[in-house]
Amino acid sequence: MMDAMRQKHDTQGQVAANVRAEVAANGMTIKQLGEVLGLGERAASRRWHGEVAYTLDELAKLGEHFGIPWSEFAKPRRLAVAS
């Protein structure tokens, strides 16, 4: 049970890190992230810091915004920096 909980936390953290990398690579702010997601700045900040998990719908919105498959955010690596 503990391994499943740790894996969930690790995955959530990886997704948050990948979103942060893509947002930063595109020069966006947390406020702009919230605008893409249809969230206020506080709610976007909680996701940014990994306090709240991104939903699949939110990842789909981000994938569409950045022109990448939403599943890229779940990969266990940092996304490539956009040029």
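I take a nonpolar core to be a set of buried Ala, Val, Leu, Ile, Met, Phe, Trp, Tyr and Cys residues joined through side-chain atoms within 4.5 Å. Buried means under 20% relative accessible area, exposed over 50%, and partly exposed in between (1.4 Å probe, protein chains only). Helices (H or I, at least four residues) are DSSP runs, numbered from the N terminus.

The model is predicted: local features need pLDDT of at least 70, side-chain atom pairs count only at pLDDT 80 or more, and totals for chains, interfaces and linings use all residues. Residues are numbered from 1 along each chain as its sequence is written, and side-chain values use heavy atoms, with hydrogens and water left out.

**Core.** I looked up the largest nonpolar core and found 14 residues. Those with the most contacts inside it are Val19, Val23, Leu33, Tyr54, Leu59, Leu62 and Phe73. Helix 1, helix 2, helix 3 and helix 4 each supply at least two residues of this core, and the largest share, four residues, comes from helix 1. I then checked Val19: leaving out residues up to four places away in sequence, Val19 touches Leu33, Tyr54, Leu59, Leu62 and Phe73 (contact means heavy atoms within 4.5 Å).

**Helix 4.** Which residues of helix 4 are buried? In this helix, residues 56–66, I noted Glu58, Leu59, Leu62, Gly63 and Phe66. Seen down the helix axis, they fall within an arc of 140 degrees, so they line one face of helix 4; the arc is that of the directions from the axis to the C-beta atoms. The face turned away from the buried side carries exposed Asp57 and Glu64. Just after helix 4, Gly67 has a positive phi of about 75 degrees.

**Helix 3.** I repeated the check on residues 41–48 and found Ala44, Ser45, Arg47 and Trp48 buried. Their arc down the axis of helix 3 is within 160 degrees, so these residues also line one face. Gly50 follows helix 3 with a positive phi, near 80 degrees.

**Asn26.** Asn26 sits in the loop between helix 1 (2–25) and helix 2 (30–37). Asn26 is partly exposed, at 37% relative accessible area. I read 8.6 Å between the C-alpha atoms of Asn26 and Phe66, which are 40 residues apart along the chain.
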